[in-house]
Amino acid sequence: MSTKRTTQRKTRAKKCPDCQQGQVSATFKVGGRKKQESPDRQEALCLTCLGTGEAPNGN
Ligand SMILES: [Zn+2]
């Protein structure tokens, strides 16, 4: 029988669905008359995973 159990448990954490590696690129609107979004993107810390890049819940 194969008793090869994975001993290392912290191999893969579930990735956070809201960001990429703990950072989200959010478009911020420039305050102006133009209602167009700025092409610039701002990297912000993901509030879902708090920058860890992992899903907050294991499931
Ligand atoms: Zn996240």
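1. Leu-50 is exposed, because 12 other C-beta atoms lie within 10 Å of its own; a residue is termed buried if 20 or more other C-beta atoms lie within 10 Å of its own, exposed if 12 or fewer, and partly exposed in between, with C-beta atoms placed from the backbone. Leu-50 belongs to the segment after β2. Its phi is near 60°, a positive value in a residue other than glycine. Most residues other than glycine have a negative phi.

2. The provenance of the coordinates should be kept in mind. This is a predicted model, in which local features need pLDDT of at least 70 and side-chain atom pairs count only at pLDDT 80 or more, while totals for chains, interfaces and linings use all residues. Residues are numbered from 1 along each chain as its sequence is written.

3. Gln-21 also has a phi near 60°, which is positive although the residue is not glycine. This residue is located in the segment before β1 (23–29). Gln-21 is partly exposed, because it has 13 other C-beta atoms within 10 Å.

4. Cys-49 lies in the segment after β2 (37–45). Is Cys-49 buried or exposed? Cys-49 is buried, because 22 other C-beta atoms are found within 10 Å. With neighbours within four places in sequence left aside, Cys-49 is in contact with Cys-16, Cys-19, Gly-22, Glu-54, Ala-55 and Pro-56; a contact requires that the C-beta atoms of two residues, placed from the backbone, lie within 7 Å.

5. Glu-54, likewise in the segment after β2, is partly exposed because it has 18 C-beta neighbours inside 10 Å. Which residues does Glu-54 touch, not counting those up to four places away in sequence? They are Ala-13, Lys-14, Lys-15, Cys-16 and Cys-49. Gln-20 is 34 residues from Glu-54 in sequence, and the two are 9.1 Å apart in space, C-alpha to C-alpha.

6. Pro-56 is placed in the segment after β2. With 13 C-beta neighbours inside 10 Å, Pro-56 is counted as partly exposed. Residues up to four places away in sequence not being counted, Pro-56 touches Thr-48 and Cys-49. The C-alpha atoms of Pro-56 and Lys-14 are separated by 8.4 Å, and these residues are 42 residues apart along the chain.

7. Leu-45 is a residue of strand β2. It is partly exposed, because its C-beta neighbours inside 10 Å number 13. Apart from residues up to four places away in sequence, Leu-45 touches Gly-22, Gln-23 and Gly-51. Leu-45 and Gln-20 stand 10.0 Å apart in space, C-alpha to C-alpha, and 25 residues apart in sequence.

8. The remaining remarks concern the protein as a whole. How many helices and strands does the protein have? There are zero helices and two strands, where helices (H or I, at least four residues) and strands (E, at least two) are DSSP runs numbered from the N terminus. Of the 59 residues in the protein, 7% are buried. Among the contacts with a separation of 6 or more, 51% are accounted for by residues 24 or more positions apart.
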